[in-house]
Amino acid sequence: MSAAEICAADRAEIDIFCDTLWLEDGLAKASLASYRSDLQHLAQWLGAQSREAGLVAAGEPELMQFVAHLSQTRRATSQARYISTLRRFYQYLLARSRITLDPTLKIAMPARPSRLPKVLSESQVDALLAAPPSDTLLGLRDAAMLEMLYATGLRVSELVGLKMHEVSFDMGVVRVFGKGGKERLVPLGEQAIDRVRRYLDEARGLLLSGRACDDLFVTARGGAMTRQAFWQLVKRYAVQAGIDPARLSPHVLRHAFATHLLNHGADLRVVQLLLGHADISTTQIYTHIARERLKTLHGQHHPRA
């Protein structure tokens, strides 16, 4: 069954739910698209099982069977995302008295393997940041982007979405609007400020060739940098820096930012604020990385290790 074959009632329910999330929580387009896709999949599955009642009338048995179906076809991380979507949708219906009982109460999250994020050493980061050429317009832009990404720990979507007025050189901070439209101020650091200033003074205007644009980082065509284009740049510079490109992505620099801060004694709560994590538990994964690094150093250098 295709999305077009989803019954009109279910399509309307999904549209209203996503519109509500956008209006009340300010969720990003990617998050809304994920909610929409998950609920469409459930509606399609219900239809294929000849469950004509639709999303609102689906009860615990149907949702349990759907989750069992997911366990056979999806990874644990994907299953967890689906379950989060189901919980939010049916809690939304319950809050509006559309249903009298939440059918997701007994649905448990799948066991997820503990996976630590990939992290670069400080010397690898230095090599990566030195990779862009300093004598070309695009090299100046790329150096500024990489330096800012590592200096601030921004998500790549936050980096490419920055506007000119959101960077304050006087205060040495960048104003970021993260997930859910939440605002935070993140320090830039001297090296990032120097790189961005040089890009603005020597490259950005020439790249735009007189075209008006409010985006901080622009392409040779005068438009905003995209996530996909920047991802390709990072891979290319990884090769030049002698780093396996399979181990590197823009998000890995965000991990490096957090881990290196903790290795140098930063407080976990401070790192949480800088990363824009709503929950401290999301940030705590980095303490495991730092702990493993300390254990390695202890084993290498302590006389009784």
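Start by selecting Asp215, in the loop between helix 8 (190-208) and helix 9 (227-240); helices (H or I, at least four residues) and strands (E, at least two) are DSSP runs, numbered from the N terminus. A quick heads-up: this is a predicted model, where local features need pLDDT of at least 70 and side-chain atom pairs count only at pLDDT 80 or more, while totals for chains, interfaces and linings use all residues. Residues are numbered from 1 along each chain as its sequence is written, and side-chain values use heavy atoms, with hydrogens and water left out.

Is Asp215 buried or exposed? Its relative accessible area is 12%, so Asp215 is buried (buried is under 20% relative accessible area, exposed over 50%, partly exposed in between, with a 1.4 Å probe and protein chains only). Now show the side chain of Lys163: a polar contact of 2.7 Å joins it to that of Asp215 (a polar contact is a pair of N or O atoms within 3.5 Å; within protein, one must be able to donate a hydrogen and the other to accept it, and residues adjacent in sequence count only if both atoms are side-chain atoms).

Next, select Met148, Leu159, Phe217 and Phe230, the residues with the most contacts inside the largest nonpolar core, which has 44 residues. Such a core is a set of buried Ala, Val, Leu, Ile, Met, Phe, Trp, Tyr and Cys residues joined through side-chain atoms within 4.5 Å. Then pick Ile14, Leu27, Leu46 and Leu55: they are among the 28 residues of a second, separate core.

Move on to helix 3 (residues 60-73). Which of its residues are buried? Leu63, Phe66, Val67 and Leu70. Look down the axis and these buried residues fall within an arc of 100°, so they line one face of helix 3 (the arc is that of the directions from the helix axis to the C-beta atoms). Turned away from that buried side are the exposed residues Pro61 and Gln72.

Last stop: salt bridges, twelve of them in the whole structure (a side-chain nitrogen of Lys or Arg within 4 Å of a carboxyl oxygen of Asp or Glu). Select Asp15 and Arg36, whose closest N and O atoms are 2.5 Å apart. Asp15 lies in helix 1 (residues 8-25) and Arg36 in helix 2, so the pair ties together parts 21 residues apart in sequence. Finish with Arg141, Asp142 and Arg236, linked in a network of salt bridges.

How values were computed
Expected span 1.5 Å × (residues − 1).
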